[in-house]
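Q: I have a model open and would like to go through it step by step. Could you help me read it?
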Amino acid sequence: MKLKQHIIALAAAAVVGGSASASFAATEIQWWHAMGGRLGEVVAEIADDYNASQSEYKLVATYKGGYEDTMTAGIAAFRAKNAPHIIQVFDAGAATIINAKGAVYPVADLLKEHGVGFNSQDYISGVRYFYADSDDKMIGLPFNSSTPLLYYNKAALEKAGVEAPKTWEDFEAIAPKLKEAGYQALAQSHSPWIFSENFHSRHNIQLASANNGYDSTDAKIMYNNEHMIMHWTKVKEWLDKGWYGYYGKAWGDNQDAFVQGKVAMWLGSSGSFGGLKKSADFEFGTTYLPYWKSIIDEPKGTFIGGAALFSFVGHSDEEYKGVANFFEYLTSPESQFSWHKETGYVPITTAAYDLAKTEGYYNDTPDAEIGILQLSQPGGEWTKGYRLGYYVQIREAMYKAYENILTGNSSVPEAFAEMEKESNALLERFHDTYN
Amino acid sequence: MKRVQFERSTVPYFFVAPQIAIIAVFFLWPAGQAIYQSFLLEDAFGISSQFVWFRNYEDTILNYAWLQSAGFTVVFSSLVTFFSLAIALLLAVKANEVLHGSSSYKTMLMWAYAVAPPVAGLMGNLMFNPFIGDLYAAMNAMGWDFNQKLDAFDAGFVVILISVWKQVSVNFIFFLSGLQGIPKGVMEAATLDCRSPTKRFWTITFPLLAPTTFFLMVINITYAFFETFGIIDTTTRGAPGGATNTLVYKVYTDGFLGADLGGSSAQSVILMLMVLALTVFQFRFIERKVHY
């Protein structure tokens with residue numbers, strides 16, 4: 001059976017990975033990450049540059065597959081007592097690793113106790129709290145931080161004689177013109193992230209009880225609310241009118257629809273910027289995530305997606321010194337600025353953002369600044385993010401609900417009621433497991 | 001009947017030992033672990049753990065998502081098994097009758113055998129891509145408003161088509177060698193007695209192929225249950241709305257992606273029991289009708 005072989009392979013990989021260390025004079029620091037393709041190349045460059053910059057530590061960056069694969073590899077290694085020093089964990093997995101009491105060394109403590117120092121105010125407001133505990137102590141170091149943006153095909157909008165929309169009301173006004181010009185108006189790549197989580201942040205609406213799940217694992221989902229039902233009723237209408245394209249769950253399939261010029265506007269991640277620059281053979285622009293004027297007059301900022309770096313417990317003091325040293329290097333303005341430029345992920349510290357401004361980066365490419373501007377928009381009570389267990393499965397339940405809405409299989413309220421039921425059962429399981 | 005008693009020797013045990021060891025390490029031990037885990041509510045990192053009896057079974061089996069997935073698995077497995085056997089049998093019978101260039105026909109029909117399920121899935125995914133997929137374009141050109149992303153029937157069609165395509169060549173090889181194993185004399189005698197080739201096929205050839213068909217049926221059901229995982233993962237991933245989520249794919253998403261070890265263990269134990277029951281059923285009731 002495939003699964004069993006998989007487990008054994010993981011265990012074997014963990015053993016090999018663990019025993020490879022400690023053969024060099026320099027202290028080896030293992031970093032397991034989930035950055036493939038171009039992003040993986042950039043990560044390898046970061047590791048090389050770091051190793052060249054000093055001789056005390058040797059950073060070994062290993063690609064472990066997608067976000068979920070990386071987390072699973074980390075879990076298997078931890079259980080086999082061969083955990084890497086640093087692991088990249090994505091937004092939806094944050095609750096799993098943070099709630100496992102005593103699995104990770106909070107990054108704020110790690111930095112403070114190993115001579116680097118830590119001040120959360122150095123970080124830009126949109127990334128400060130997402131990977132923090134309920135006392136705002138940072139547990140994971142935000143690494144690749146992105147935020148949802150609207151990308152638009154400049155030629156398409158010009159052909160239809162319209163401007164990129166600020167609000168969804170604007171969108172409804174311009175969509176018929178884009179259709180006339182031969183385009184589907186909109187597609188998007190991650191409906192749980194963009195049309196649910198950040199929808200709540202943008203409109204300052206609570207998405208789960210217990211302070212969006214930050215205060216306790218005893219939380220209930222609050223997605224089944226009038227605003228979401230209104231929004232998804234509209235999305236279904238847009239689909240039926242030919243204004244909205246749904247190309248499946250896969251991120252790339254929806255992005256392709258934009259790259260191929262089939263849809264005029266696409267909601268994606270600020271981290272898609274670098275890749276789009278290479279793949280799209282037309283001029284495109286970026287703008288803020290639209291909002292409903294009917295729900296909020298002044299929209300709030302969004303919160304980050306992407307992933308953070310966590311440090312597992314159980315390593316020596318000397319090794320943690322190395323981790324702290326690397327984190328210091330990674331968060332330096334120069335290193336953040338180059339990461340930002342290469343990938344489109346936002347710089348996580350204000351110092352790095354200032355450096356990008358003084359270097360004149362945004363004068364040449366103003367579109368690259370939209371993500372960080374959106375993250376820096378005034379926050380509201382519900383813009384800091386969420387901390388919910390079994391969130392990977394909850395996102396599956398959301399995808400299911402949205403697909404059932406779009407296929408016409410269920411009515412919008414039915415789909416939301418089913419999703420709420422399924423999500424709350426998962427949250428209850430998580431609460432009972434982790435307490 | 002007279003019983004022959006041989007002297008007992010320990011030598012045979014040495015010969016079966018490697019097989020026993022493999023079964024123990026790759027099946028018994030992991031299966032035991034799965035059963036043990038299925039009674040635990042344990043965090044992913046194994047820091048805290050509690051024994052909860054059948055809680056995991058109640059939580060993960062008694063809900064709509066599991067039942068939907070079980071329903072799809074049954075329909076999917078039946079269709080994949082039926083069509084991959086039927087098409088392979090038809091091709092084998094036809095290829096067996098070809099006189100000129102028969103070996104090149106046979107070789108070409110066997111080619112797909114070497115394709116692994118995930119690769120078949122990736123190829124299918126490209127052929128059904130809404131922008132560059134030829135099959136996608138062909139379906140729509142024929143007037144079928146085909147969209148596997150938003151239509152459960154179409155998505156089911158895609159995964160079944162790919163799974164059948166991948167399996168036909170395996171079945172073809174077995175059917176062909178089965179056909180070649182039928183004695184010429186029997187066939188010639190049948191030709192003298194009956195003029196209709198169809199009737200000859202159903203009364204003589206098909207019963208003589210029964211052992212092969214039975215063996216292939218067991219293999220194909222196992223294939224449809226487990227190995228199609230790679231095809232689902234590279235095409236629909238259970239979408240839309242969980243309509244193409246097979247049981248084994250759900251075990252994977254809950255356990256490996258969602259880090260719910262207890263829940264996915266419980267599901268895999270149930271899956272194991274289902275396959276066990278099915279195998280017992282096949283050997284007790286269907287194999288009786290097979291004459292070797």
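Q: Where is B:Thr212 placed in chain B?
A: B:Thr212 is in helix 9 of chain B. Helices (H or I, at least four residues) and strands (E, at least two) are DSSP runs, numbered from the N terminus. This is a predicted model, in which local features need pLDDT of at least 70, side-chain atom pairs count only at pLDDT 80 or more, and totals for chains, interfaces and linings use all residues. Residues are numbered from 1 along each chain as its sequence is written, chains are lettered from A and ligands numbered from 1 in the order in which they are written, and side-chain values use heavy atoms, with hydrogens and water left out.

Q: Is B:Thr212 buried or exposed?
A: B:Thr212 is buried, because its relative accessible area is 17%. Buried means under 20% relative accessible area, exposed over 50%, and partly exposed in between (1.4 Å probe, protein chains only).

Q: And which residues does B:Thr212 touch?
A: Not counting residues up to four places away in sequence, B:Thr212 touches B:Phe174, B:Phe175 and B:Gly178. A contact means heavy atoms within 4.5 Å.

Q: What about B:Met217, where does that lie?
A: B:Met217 lies in helix 9 of chain B, which covers residues 197-227. Leaving out residues up to four places away in sequence, B:Met217 touches B:Thr81, B:Leu85, B:Gln282 and B:Ile286.

Q: Stepping back, how many helices and strands does chain B have?
A: Chain B has 12 helices and 2 strands. Along the sequence, their pattern is α-β-β-α-α-α-α-α-α-α-α-α-α-α.

Q: How much of chain B is buried?
A: Of its 292 residues, 47% count as buried. The C-alpha trace of chain B spans about 75 × 70 × 30 Å along its principal axes.

Q: What area do the two chains bury between them?
A: Chain B and chain A bury about 3,800 Å² between them, with 65% of it on carbon and sulfur atoms. On the chain B side, B:Phe45, B:Phe131 and B:Phe256 lose the most area to chain A, together 23% of what that side buries. Buried area is the accessible area (1.4 Å probe) that two parts lose on being put together, summed over both.

Q: How many salt bridges are there between chain B and chain A?
A: The count is 5 salt bridges. In one of them, A:Arg79 pairs with B:Glu42, the closest N and O atoms being 2.3 Å apart. A salt bridge is a side-chain nitrogen of Lys or Arg within 4 Å of a carboxyl oxygen of Asp or Glu.
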